[in-house]
Amino acid sequence: MFEIFGIPSQALFGQLLLGLINGSFYALLSLGLAVIFGMLNIINFSHGAQYMMGAFAAYLLLQYLGLNYWFALVIAPLLLGVFGVVIERLLLVHLRKLDPLYGLLLTFGLALVIEGLFRNYYGSSGLPYQVPDALRGGQNLGFMFLPNYRAWVIGFSVLVCFSTWFAIERTRLGSYLRAATENPALVRAFGINVPRMITLTYGFGVGLAALAGVMAAPIYNVSPQMGSDLIIVVFAVVVIGGMGSIMGAILTGFLLGVVEGLTKVFFPEASNTVIFAIMVVVLLFRPAGLFGRAA
Amino acid sequence: MTSAGRKATSHRRDSGLSLGLAFAITAVFFAVAPFAIYPVFLMQVLCFALFACAFNLLIGYVGLVSFGHALYFGWASYLAAHAAKSWALPPELAIVVGTATAAVLGIVAGFLAIRRQGIYFAMITLALAQMMYLVALRAKFTGGEDGIQAVPRGRLLGLFPLSNEMTMYVFVFVVVLAALALIYRIINSPFGEVLKAIRENEQRTISLGYKTERYKLAAFVLSATLAGLAGSLKALVFQLASLTDVHWNMSGEVVLMTLLGGLGTVFGPVAGAFAVVAMENYLAAFGQWVLVIQGAVFVICVLLFRRGMVGELGHRLGVQL
């Protein structure tokens, strides 16, 4: 046990860990938003609701089918990915030629519908979800206690984020995707089915949100409103980072999580507004965002 | 949104007549209505109509989508309530305090938000509003979850006791009508023409020598101020200022009213406010279904009904409303 700036190391590293956990979710969600925005030119306002659905999918799979966390980790993103594909085909496809504002309004409406339905059936109080058996307990690192599940969340989200980055920036499929983001008409002329790529991209983005939801289920309670407050913070993260770069979205997410965690140690009363305050500062001094190309 | 705007310039002559008629009908309706409909409900409609018209000034005429207008509405409502209750100011001064608060917040938020365009603008305004929601949640004077309750309505100019429901109604009616006339005047002034030009093509407006940033900021502050006027009135009508008014749900609601009524129409937001407030009152017993229905209305409006009620009516009749 030692102290840093008069703060016991346990508290400091504990909050740093919590910050990294929050940062993992910011990174996963802002990554999904950036991927969707790049392809569809839509800000997916229902991203928070889809994250919440992912957590509920994990809860319901366990409750009704007896499928544990590890199954949920695979099934929930797939289910929600299909849900995303259906939404894109039924609704978003009609907005292709319109002002991006309409995409925002439509997905906002969708978020209200989803949240309202879940509140009707499950109320506003949270439902508990157990940490999977294999990840119970934790390690004593000497300067802090590290719960296994939290270590897993951080490790796994880093893995997912960088796999996504690799798939988009370093593979052939990713190069089609990037090309279609730049100039869809030209890519179509090369015989690539761009509309299908757009649909699958949306499904993938929604799947990422669901994956984050499953990982969040054992940490936060599963509740209908778990997504709506989070998504506004993620919007601020996206404004800070800019959506031009995949890596930028990931790094900004983790970084802001850590900053938020540190704020909790030093200025607890400012901890839930600090990300918004950073957004204000970034807008003043670097209006295009940390990693943004000029809009 | 843009097609409605283009019509506006081509039908200048007869639009004056149709708009004048619509204004008269609205005024007569709200003058007669309190004898048939519960006045508090009507006052709620009037406050939200003003709120939605103020919001429409930005989205409909400058093409800026603010997703955080609850910030000005809610904070004005808090400050007006606080001024009337704790400082014991007369109602007219309480409203001035609330409206001025919204104006100041509008200057700060507008200055930050116009630094980014398009979809970022919406996210910034939403994030700023959420930040101030969290501040309201923690601040002492707002009363946290309880809000500021039992706000005294006081005597208007020291003469008319607003505790009388009808006196209050006449006051709200006159203020809202005057504010709507002001908005109409703004839209049809040379300043308003520049705003519409920015909506249609900002780059070209810049190349014509207009400092579009200043126009956008001015429109933003006007919109925030008028939203604040609506919020201050609301605090007196319900004698309550609470977290509901600053929550992002409220920002969404005002978007819904404007969209349902018709973006960029003069009377759309009024009709939209009436529809949404009525829906909430009649569906209050169904709890969370209100949220589901609101969401569904959003989706349907965006997919099938982008002109909104008044916009559609105007389109059918071939006039601007």
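Let me start with pLDDT, which is the predictor's confidence in each residue on a scale from 0 to 100. For chain B its mean is 87, and 95% of the residues of that chain reach 70 or more. What we have is a predicted model, in which local features need pLDDT of at least 70 and side-chain atom pairs count only at pLDDT 80 or more, whereas totals for chains, interfaces and linings use all residues. Residues are numbered from 1 along each chain as its sequence is written, and chains are lettered from A, with ligands numbered from 1, in the order in which they are written. The model as a whole scores ipTM 0.89 and pTM 0.90.

One stretch needs caution: over residues 1-13 of chain B pLDDT stays under 50, and for these residues the model has 19 contacts beyond four places in sequence, a contact being two residues whose C-beta atoms, placed from the backbone, lie within 7 Å. Where pLDDT is low, the predicted coordinates should not be read in detail.

Now to the interface, where chain A contributes 34 residues and chain B 35 residues. On the side of chain A that touches chain B, helices H4 (100-122), H9 (226-241) and H11 (274-285) each supply at least two residues; helices here are DSSP runs of H or I with at least four residues, numbered from the N terminus. H4(A) gives the largest share of that side, 16 residues. By type, the side of chain A divides into 24 nonpolar, 6 polar and 4 charged residues, where Ala, Val, Leu, Ile, Met, Phe, Trp, Tyr, Cys and Pro count as nonpolar, Asp, Glu, Lys and Arg as charged, and the others, Gly among them, as polar.

Finally, two backbone details. A:Asn41, in the loop between H1 (9-40) and H2 (47-65) of chain A, has a positive phi of about 60° although it is not a glycine. B:Ala88, in the loop between H4 (70-85) and H5 (91-113) of chain B, likewise has a positive phi, of about 55°. Are these two residues buried or exposed? A:Asn41 is partly exposed, with 17 other C-beta atoms within 10 Å, while B:Ala88, with 10, counts as exposed; the cut-offs are 20 or more for buried, 12 or fewer for exposed, and partly exposed in between.
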